[in-house]
Amino acid sequence: MFRRTFWFTAGAAAGVWASHKVNQKLQRLTPESLAAQAADKALDAGHWIKDFALDVRAGMLQREAELDDVLGLNAPPEGPDGLPAARRPALEGERYPVMYRARQKYPEKYPKHPNNRNEDH
């Protein structure tokens, strides 16, 4: 009699445990649970991408500083007014010298304002 009681109790416990596991799996497969899992994975991916982008940006800034040092771009300006030669025409009133010269040659191709973004599509 004791054996039968033992095996009955063991079978009942195994049945309860198995039904509990099945219910857990079913709860994980509901649409709400799947949506929450997808949202969590998307957040994790977003954090990973953000960290990757910050690492790339830090490496880019470091490499840019190295290249500036090698090319001598961090040296003080050499012109008489303290500006490099490429920036002097902009201060003397000639804001877009190449664009305006091209517009004089081909007036129909170039707009009056080079930054005008009102384009017809």
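Going from the N terminus, the elements of the chain run α-α-α-α. The tally is four helices and zero strands, where helices are DSSP runs of H or I with at least four residues, strands are runs of E with at least two, and numbering starts from the N terminus. Quick housekeeping: this is a predicted model, so local features need pLDDT of at least 70 and side-chain atom pairs count only at pLDDT 80 or more, while totals for chains, interfaces and linings use all residues. Residues are numbered from 1 along each chain as its sequence is written, and side-chain values use heavy atoms, with hydrogens and water left out.

So how much of the chain is buried? Of its 121 residues, 3% count as buried. Buried here means under 20% relative accessible area, exposed means over 50%, and partly exposed is in between, with a 1.4 Å probe and protein chains only. The chain exposes about 11500 Å², and 60% of that comes from carbon and sulfur atoms. Those areas come from the Shrake-Rupley method with a 1.4 Å probe, and for residues only the protein chains shown count as cover.

Now helix H2, which covers residues 31-71. Trp 48, Ile 49, Phe 52 and Val 56 form a nonpolar surface patch, together about 460 Å² of accessible area. For a patch, residues need over 30% relative accessible area and no salt bridge; like charges are joined within 9 Å, and nonpolar side chains (Val, Leu, Ile, Met, Phe, Trp, Tyr) within 5 Å. Val 56, also in helix H2, is partly exposed at 44% relative accessibility.

Next, rings. The whole structure has two aromatic pairs. Phe 6 and Trp 7 are edge-to-face, because their ring centres are 5.0 Å apart and their planes sit at 75 degrees. Trp 48 and Phe 52 are stacked, since their centres are 5.7 Å apart and their planes are at 5 degrees. The rule: rings of Phe, Tyr and Trp (its six-membered ring) pair if their centres lie within 6.5 Å, and planes under 30 degrees apart are stacked, over 60 edge-to-face, the rest tilted. Trp 48 and Phe 52 are both in helix H2, four residues apart, about one turn. Trp 48 is exposed at 58%, and Phe 52 is partly exposed at 48%. Over in the other pair, Phe 6 is partly exposed at 45% and Trp 7 is exposed at 58%.

On to charges. Which residue pairs with Arg 63 in a salt bridge? That's Glu 66, with the closest N and O atoms 3.2 Å apart. The structure holds one salt bridge, meaning a side-chain nitrogen of Lys or Arg within 4 Å of a carboxyl oxygen of Asp or Glu. Arg 63 and Glu 66 are three residues apart in helix H2, so about one helical turn separates them. Arg 63 is partly exposed at 46%, and Glu 66 is partly exposed at 35%.

Last one: Asp 68, also in helix H2. Asp 68 is buried yet has no salt bridge, and the nearest side chain of opposite charge, Arg 63, is 10 Å away. For charge, Lys and Arg count as positive, Asp and Glu as negative, and His and the chain ends aren't counted. Leaving aside neighbours within four places in sequence, Asp 68 is in contact (heavy atoms within 4.5 Å) with Leu 73 and Asn 74.
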